[in-house]
Amino acid sequence: MDFKKAAEMLALCDSNNMTISQVMKQRECHVFETTEEEIVTRMEQAWQIMKDSATEPTTKAVKSMGGLIGGEAKKLTDHRLAQKSILGDVVNKAITYSMAVLEVNTSMGLIVASPTAGSAGVLPGVMLALQEEYNIHDDRIIDGLFNASAIGYLAMQNATIAGAVGGCQAEIGVAAAMAASAATELMGGTPLQCTYAASTVLMNMLGLICDPVLGLVEYPCQNRNASGAANALIAAEMALAGITQMIPLDEMLECMYNVGKRLPAEFRETAKGGCATTPTACALCKSK
């Protein structure tokens with residue numbers, strides 16, 4: 001049940017009449033010589049950590065170690081509870097929870113890198129928002145996480161998830177692709193539609209640079225987690241509506257990787273370009 005490409009994964013889904021999450025479970029059992037019960041238990045532990053990190057800052061502001069962020073998730077929650085949200089509950093919750101995880105991460109709390117610490121809010125943000133709005137049982141969310149892990153595995157196998165290598169498109173972009181695919185499966189989409197959603201996200205976020213202010217994984221990282229969550233839901237909605245993606249996921253991953261390698265070093269986590277070199281950011285550096 002092993003696969004190296006999205007096309008191979010889809011072939012396994014088709015020949016075995018399985019979802020992406022089912023194929024990924026079988027792969028994990030085979031590669032790591034363990035049982036499905038064991039890998040599901042591990043994923044359940046990861047999901048609990050995700051939920052905790054996504055919800056704690058929504059009621060109490062958590063200040064980051066660098067002092068650049070803190071309290072954003074609570075503000076968004078209060079905004080929604082005051083019935084002032086212009087996005088609707090699903091998107092508002094997704095961006096709120098995604099930003100919350102970054103508050104926990106930057107205050108040295110416990111998070112699940114999915115696929116990285118700097119992009120750790122996207123997947124739990126989308127999953128928890130959908131769970132709450134559609135009353136989805138944890139068992140199905142776990143399946144969604146296995147689906148997402150398949151997309152993350154493909155990105156690691158064929159491209160990169162490191163901002164220092166491929167820019168933020170490789171971190172937030174891949175995280176959003178994982179979330180989009182998982183959301184598509186959760187809401188009844190086919191394996192092919194899942195890859196359409198993932199490919200659409202990567203296309204929409206192609207070329208996104210990594211430019212952390214002060215060299216810290218705080219700003220603009222937190223805002224981009226929210227953007228990634230929204231992008232994931234947009235891509236899933238399009239796929240579920242029957243909109244096809246012209247460029248297959250394998251080709252889009254290769255495209256993203258090639259773009260990332262061509263980004264100047266200033267735009268790959270060095271804090272020497274982009275937002276990090278704006279006058280305000282530079283003044284902040286001098287004041288620290």
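## The largest pocket

The largest pocket of this predicted model has a volume of about 550 Å³. A pocket here is an open set of points, on a 1 Å grid over the protein atoms alone, with protein on both sides within 12 Å along at least five of seven lines, and lining residues have an atom within 4 Å of a point. Grid points are joined across faces, edges and corners, and a volume is the space filled by probe spheres set on the points, the probe being one of 1.4 Å.

The lining of the largest pocket consists of 23 residues, of which Met 24, Glu 28, Met 43, Phe 146 and Ser 149 are the closest to its centre. Two or more residues each come from α2 (20-32), α3 (36-55) and α7 (138-158), and α7 gives the most, with six residues. By class, this lining has 16 nonpolar, four polar and three charged residues, where Ala, Val, Leu, Ile, Met, Phe, Trp, Tyr, Cys and Pro count as nonpolar, Asp, Glu, Lys and Arg as charged, and the others, Gly among them, as polar.

## Basis of the description

Residues are numbered from 1 along each chain as its sequence is written. The model is predicted, so that local features need pLDDT of at least 70 and side-chain atom pairs count only at pLDDT 80 or more, while totals for chains, interfaces and linings use all residues; side-chain values use heavy atoms, with hydrogens and water left out.

## Overall fold

The protein has 13 helices and zero strands, helices being DSSP runs of H or I with at least four residues and strands runs of E with at least two, numbered from the N terminus. For the 288 residues of the protein, a compact globule would have a radius of gyration near 19 Å, and the value of 18 Å found here agrees with that; the radius is taken over C-alpha atoms, and the globule rule is 2.2 Å times the number of residues to the power 0.38. The C-alpha trace spans about 60 × 45 × 35 Å along its principal axes.

Of the 288 residues, 52% count as buried, which means under 20% relative accessible area, whereas exposed means over 50% and partly exposed lies in between (1.4 Å probe, protein chains only). The protein exposes about 12,600 Å², and carbon and sulfur atoms supply 55% of this area, as computed by the Shrake-Rupley method with a 1.4 Å probe. Among contacts with a separation of 6 or more, 75% are between residues 24 or more positions apart, a contact being heavy atoms within 4.5 Å.

## The second largest pocket and helix α11

About 240 Å³ of space lies in the second largest pocket, and its lining includes Val 90, Leu 130, Tyr 134, Met 187, Leu 233 and Glu 237. At least two residues each are supplied by α5 (89-106), α6 (122-134) and α11 (221-240), with the largest share, six residues, coming from α11. By class, the lining has 11 nonpolar, no polar and one charged residues.

Helix α11 also holds Ala 226 and Asn 231. Ala 226 counts as buried at 11% relative accessibility and, leaving aside its neighbours within four places in sequence, is in contact with Ile 95, Ser 98 and Met 99. Asn 231 is buried as well, with a relative accessible area of 16%, and touches Val 201, Asn 204 and Met 205, not counting residues up to four places away in sequence.

## Backbone features in the loops

Most residues other than glycine have a negative phi, and most peptide bonds are trans. A cis peptide bond, with omega about 5°, joins Ser 114 and Pro 115, and Pro 115 lies in the loop between α5 and α6. Both Ser 114 and Pro 115 are among the contacts of Ala 175, a residue of helix α9 (residues 172-186) that counts as buried at 0% relative accessibility. Another cis peptide bond, with omega about 10°, joins Tyr 219 and Pro 220, and Pro 220 is found in the loop between α10 (191-204) and α11.

Asn 135 is not a glycine but has a positive phi of about 55°; this residue is in the loop between α6 and α7 and counts as exposed at 70% relative accessibility. Ala 271, also not a glycine, has a positive phi of about 60°; its place is in the loop between α12 (249-262) and α13 (279-287), and at 22% relative accessibility Ala 271 counts as partly exposed.
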